[in-house]
Amino acid sequence: MSIEVQQVSKSFGTFAALRDVSLEINTGELVALLGPSGSGKTTLLRIIAGLETPDRGAILFHGEDATARPVRDRRVGFVFQHYALFRHMTVFENVAFGLRVLPRHRRPSKGEICARVERLLQLVQLDWLSDRYPWQLSGGQRQRVALARALAVEPKILLLDEPFGALDAKVRQELRRWLRRLHAEINVTGVLVTHDQEEALEVADRVVVMNAGRIEQIGTPEDVFHRPASEFVFGFLGDVNVFHGRVEGRKAIFGALELEYPHAPPAEPQAARVFVRPHDWEIDTQPNGSGVEATVAHLNPAGPQVKIDLVVPTGESIQVEITQERYRALRLTVGQRVYLRPRKVKVFVGERA
Amino acid sequence: MSGTAPSIAIPHAAERAVGESAPVRYLLIAVAAAFLGLFLVLPLAAVLVQAFQRGVAAYWAALCDPDTLAAIRLTLLTAAIAVPLNLVFGVAAAWAIAKFNFRGKSVLITLIDLPFAVSPVISGLIYVLLFGLQGWLGPWLAEHDLKIIFAVPGIVLATMFVTFPLVGRELIPLMQAQGTEEEEAAVVLGAGGWHTFFRVTLPNIRWGLLYGVILCNARAMGEFGAVSVVSGHIRGLTNTMTLHVEILYNEYNFVGAFAVASLLTLLALVTLGVKSLAEWKYQRQLVDKGVAYD
């Protein structure tokens, strides 16, 4: 079932959580709403579920206006960040709840409910825990029960509110991959809220980057990562070095860093910022023409990439990542003088948005 | 103890580290025990001793006195009306306050606490001013032959007023701590209001609710001040147990007075017992919650 969000706004008191947000989600897609806390992503998800009412705008399910439809009639599956399992019910009863509260003429027979719950618990690989209570389960297990419970009513739309936020890194990795597979298997339209860019890029078909109640960019994970539409998106999706400076004619000057400005030069000098990702730096021990001079302040070779903190003479620090091979070839030490050249940059001209 | 398992020895060691020396400890325990004995155990014993002063037969006869029986019946009746009504009001108020946001919520919370802030005698007086013969609604009530003051309805009303906050006060913090996520989950899954309340909310608050009801019941049966003002002390008709104790005592019928008092004491002990059980279950529920939502 497709979802359409049309010019939705929502305020809580004086705080504007959503400002005129429009979004289309196609049937069977898995979309991630990505943004920092307070960006409005959870509010948008709750409005789609019907747990909040928008001040303005409309929500369409499959082309039909569902803005005024009560929550219980929307038939969406919702997975809460803190699981929200019914604590006085066993795992089995939790999953069966959605079926047991169906109106009598639509409620399956006892045997059928039993079979369906068993099937769902097998799907989330927890059939051996059906007699346990939520407090007897680990965080990852609880979240899988919550998923099974949401899927029990066979929703056409599955909404997930930071589903893996409260879990540790390892379990999160596992559940992410598992969710990806599950989504391919059951074919629902999925919306996932997260503040973890890695999670969004890994799981979603499309990523919606949100900031301060607005959508900054909608695109495939590749799009938003490699072609960020705004400074915010660039900064939010991964580590970045930012330099403040100006564009003058065909040159962009950022402190010690001078770059060719390839676009049409502005009539008069303008404020600008340049964004460089840590892995987009070339590092050398010999002066190399236009390179920036810097001193190695800290080295962290533990990991697939070597992370280096550098300090330029003006006092600013720069984060750089290089491969292990390059690190061994350069034989860097703390306090050493090096020369930096950006391989790839993005310049944003004009006053900061 | 040095012989216990390490896992048990650790809290003991910790206790000792922050504890006092032996003489100070014994002195403190002795002071506490003496205080408890003087103000709790001794009066309790005195009640029983006085009640059985003239033997079991006299005690039994005192309890079987028709006026005493009428007082016991009236107290039970009052509690049987006031407690269920306050249960419904308390749950409704706590549900509204803990699960919804609305204008005037803090005013409502203050209003719920009002009976605690007002002296019971004043509460009784308010009802006399409202429903008494000289009161605002008095003439109208007299015209329609309705008796509230110096009758059972007045006693029930005064009791309800005084015991009103007990259930709600017990539930509001519990329900606020539990949040609304489980209810939201139920509604998203297609449950209606009743289903959500009876299958999700109520099971989560059952021990807190029992605790509140027990307190409410104890207070309803033991209420003196407000009831004393509105009852009129008509023997066999508008005398509750507490009022009856006073009357018997003033008439130097000590066996009778203490016999009724012993029943109230028994009620207190049963209340304490059930309360401890409910509290223990309630604590476990909170612990479960802590484990589940750490």
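A: Helix 10 of chain B, residues 181-188, is mostly covered, with seven of its eight residues buried. Helices here are DSSP runs of H or I with at least four residues, strands are E runs of at least two, and both are numbered from the N terminus. Buried means 20 or more other C-beta atoms within 10 Å of the residue's own, with C-beta atoms placed from the backbone.

Q: Is this an experimental or a predicted model, and how's the numbering done?

A: It's a predicted model, where local features need pLDDT of at least 70, side-chain atom pairs count only at pLDDT 80 or more, and totals for chains, interfaces and linings use all residues. Residues are numbered from 1 along each chain as its sequence is written, while chains are lettered from A and ligands numbered from 1 in the order in which they are written.

Q: Ok, which residues of helix 10 of chain B are buried?

A: E182(B), E183(B), E184(B), A185(B), A186(B), V187(B) and V188(B).

Q: And what do they pack against?

A: From chain A, helix 1 (41-49), helix 2 (71-74) and strand 6 (76-79); from chain B, helix 4 (66-99) and helix 11 (193-222). Contact here means two C-beta atoms, placed from the backbone, within 7 Å.

Q: What comes just after helix 10 of chain B?

A: G190(B), with a positive phi of about 105°.

Q: Switching topic: where does G168(B) lie?

A: In helix 9 of chain B, residues 165-178. G168(B) is buried because 27 other C-beta atoms lie within 10 Å.

Q: What does G168(B) contact, leaving aside neighbours within four places in sequence?

A: G90(B), A93(B), A94(B) and I112(B).

Q: Last one: how many residues are in the largest nonpolar core?

A: The largest nonpolar core has 81 residues, and A32(A), V95(A) and L159(A) have the most contacts inside it. A core is a set of buried Ala, Val, Leu, Ile, Met, Phe, Trp, Tyr and Cys residues joined through C-beta atoms within 7 Å. Apart from it lies another core of 55 residues, including V91(B) and L248(B).

Definitions and conventions:
Buried ≥ 20, exposed ≤ 12 C-beta atoms within 10 Å, placed from the backbone.
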